[in-house]
Structures are given as C-alpha cells and as structure tokens.
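Q: I would like to learn how to read the features of a model one at a time, with the general idea before the particular case. Could we go through one together?

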Amino acid sequence: MVTTRRGFLGMAAVAGAAMPVLTQPPAAAAVAADLYPSNSAMYADTTLGEGQDYGRRHRRHGSFDDDLSLRVAVPRTTVLAPHGGGIEPGTSELCLAIAGYHPADLVPTPAGGPVFDYWMFEGLRSSGNAELHVTSTNCDDRIARSLAGGALNALGLHGCTPAQAGLADGSQAVLVGGRSGAFKSLLLERFGIAGIRAIDAVSVPALQGDDPSNIANRTLLGAGGQLEITTPLRQAMFEVNTRADRKHTTTAVFWAFIQATRSAIQGLESSQPTP
C-alpha cells in the first residue's frame with residue numbers, strides 16, 4: 001500500500017456502535033455443526049478436488065491491478081461470499097454484482113460506479129454442497145483474510161431459511177448484522193427505501209455476525225457488515241434458480257437489492273477519510 005493505515009484504526013469504536021432493534025422475531029433455529037473446522041482443513045482433504053467439489057474466485061484492485069483507472073491507495077470495501085455456489089445459492093451472483101460486475105460476464109455493470117475487491121468460496125457439486133460449509137468465524141482462507149484485513153470495510157453475504165431467521169414460511173427478508181453500527185444503519189435505511197424488508201440481526205443472535213473472528217469483521221477497523229438473506233428473497237432474484245442459469249436470469253428484485261447495497265457502501269465510504 002502507498003499510504004499508512006494507522007490513522008484509520010481510531011474509527012473502530014464508531015464503526016462498532018450499537019444499533020436499535022427494529023424487529024424482534026423468535027429465536028433462530030439451531031444450525032448444524034460443520035464437517036470441516038476451517039477452510040484450510042477442507043483444502044487439506046485429499047478426497048476433495050478444487051474445480052470439482054469447490055471453487056474459489058477473487059479480484060483484488062489497487063496496486064495489484066493492471067488497469068490504472070481502477071487503482072486505489074487503500075481498498076475501502078471488500079465483498080465476501082463464504083458460502084457461494086450450491087451452498088447458499090444466489091450469494092455468488094450477489095457478491096459479483098455488489099462488487100460492480102455483472103454476474104453473467106464479469107464486465108463492470110452498465111450503471112457504472114466504483115468496483116470493489118471480492119472473494120467467494122463456491123460449492124460446485126450437483127448435490128451435497130452443505131458439507132462444504134465453513135462458518136464465517138472459522139474462515140481462514142489466506143486470500144479472504146488478506147482482502148478483508150487490508151480494507152476499511154467488508155460485507156459478508158449469506159443465505160438463511162425463514163425458520164432460521166425466526167420468520168414465517170415464505171418470508172422475503174434480509175437480516176442486517178456485523179460489528180459496524182454505521183454500516184448496519186446505512187444498509188437498513190437503503191433497503192427500506194428500496195422496499196426490501198430488512199431486520200436488525202441483533203434480534204436473532206445466531207445470525208448477528210458480531211463475532212470479531214467473523215471474516216466480515218477482520219478489517220482494518222475491526223468491524224464490517226453481514227447480510228443473511230432468506231431463501232424466498234433469493235429465489236425472487238432469479239427467473240431460473242440454478243447455478244447455470246442464475247447469472248443470466250436476474251430479476252428487478254435482484255438489481256434493487258444490488259442498488260440498495262451499493263448505495264449503502266458508497267454512503268459509508270463517503271464518511272471515511274480519503275487516503
């Protein structure tokens with residue numbers, strides 16, 4: 001990096017400020033234990049094959065990018081999808097689009113605006129992808145930690161069922177969590193403007209995403225944002241909800257979600273010092 005990061009660390013207390021509870025659904029359903037205790041443990045399993053069972057995709061901008069127009073001194077925001085592909089369907093496509101790339105061709109979206117670093121882990125199996133789930137507090141992928149740890153902010157994207165969120169069957173909603181109070185406030189506000197039901201995840205501790213070890217909170221400020229998107233909402237984002245077709249069949253709901261999220265990110269970044 002071409003500039004010091006020390007000056008940004010003093011913002012951590014503000015970023016982690018508490019937010020009021022907007023909704024109080026019942027407690028979330030219990031989540032099954034992971035098969036693998038970490039990403040590195042999974043990568044060490046010789047019965048699995050990268051490109052067959054799972055895949056990883058990322059893009060780092062800044063001084064590592066050949067396109068001078070995309071370079072930045074200190075990356076401000078990284079977008080993460082730790083359970084993409086067939087694990088939590090739809091989060092890969094959301095990750096790419098929030099980062100500024102159309103999921104169908106990886107070309108920057110026509111709407112323009114900034115592009116962000118991103119990283120995703122994807123289940124590539126035709127079935128049984130749930131076995132590849134590694135909880136975010138145990139995510140130790142080297143690139144994921146490098147991208148999050150070199151940025152001011154990170155946003156983790158996840159999928160949940162309505163039952164896990166303490167909601168009625170068929171509920172289309174997003175639970176907004178993470179340690180950054182400022183980020184949460186902006187996300188809740190922008191989703192509300194877009195007409196997307198958003199709930200402060202403080203009311204669902206299992207999905208709150210406030211653990212300092214959560215990959216989304218491993219930033220320069222020690223805080224980030226996390227979105228837990230219910231299955232019905234993710235299904236509404238695609239006309240054909242398969243891994244092959246999702247990227248080609250995004251709906252107006254998908255792009256409204258993207259616009260709201262990117263607006264929240266840009267609002268957060270505008271409040272932070274220019275490096």
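Q: Leaving aside its neighbours within four places in sequence, which residues is Gln 226 in contact with?

A: Before the case itself, a word on what is being read: this is a predicted model, in which local features need pLDDT of at least 70 and side-chain atom pairs count only at pLDDT 80 or more, whereas totals for chains, interfaces and linings use all residues. Residues are numbered from 1 along each chain as its sequence is written, and side-chain values use heavy atoms, with hydrogens and water left out. Contact means heavy atoms within 4.5 Å. With neighbours within four places in sequence left aside, Gln 226 is in contact with Leu 155, Gly 156, His 158, Leu 175, Val 176, Gly 177, Gly 178, Leu 207, Gln 208, Gly 209 and Asn 214.

Q: Where does Gln 226 lie, and is Gln 226 buried or exposed?

A: Strands (E, at least two residues) and helices (H or I, at least four) are DSSP runs, numbered from the N terminus, and Gln 226 lies in strand S7. Buried means under 20% relative accessible area, exposed over 50%, and partly exposed in between, with a 1.4 Å probe and protein chains only; Gln 226, with a relative accessible area of 4%, is therefore buried.

Q: Which polar contact joins the side chain of Gln 226 to another side chain?

A: A polar contact is a pair of N or O atoms within 3.5 Å; within protein, one must be able to donate a hydrogen and the other to accept it, and residues adjacent in sequence count only if both atoms are side-chain atoms. The side chains of Gln 226 and Asn 214 are joined by such a contact of 2.8 Å, and the side chain of Gln 226 also reaches the backbone oxygen of Leu 207, at 3.5 Å.

Q: Which residues have the most contacts inside the largest nonpolar core?

A: In soluble globular proteins, nonpolar side chains tend to be buried together. A nonpolar core is a set of buried Ala, Val, Leu, Ile, Met, Phe, Trp, Tyr and Cys residues joined through side-chain atoms within 4.5 Å. The largest one here has 35 residues, and those with the most contacts inside it are Val 174, Phe 191, Leu 227 and Phe 257. H7 gives the most to this core, with seven residues. Apart from it lies another core, of 16 residues, among them Trp 119, Leu 132, Cys 139 and Ala 148.

Q: How many residues does helix H5 have, and what follows H5?

A: The expected span of a helix is 1.5 Å times one less than its number of residues. Helix H5 (residues 181-194) has 14 residues and reaches 20 Å from its first C-alpha to its last, close to the 20 Å expected. H5 is followed by Gly 195, whose phi is positive, near 80°.

Q: Which residue has a positive phi although it is not a glycine?

A: Most residues other than glycine have a negative phi. Leu 106 has a positive phi of about 60°; its place is in the loop between H3 and S3, and at 39% relative accessibility Leu 106 counts as partly exposed.
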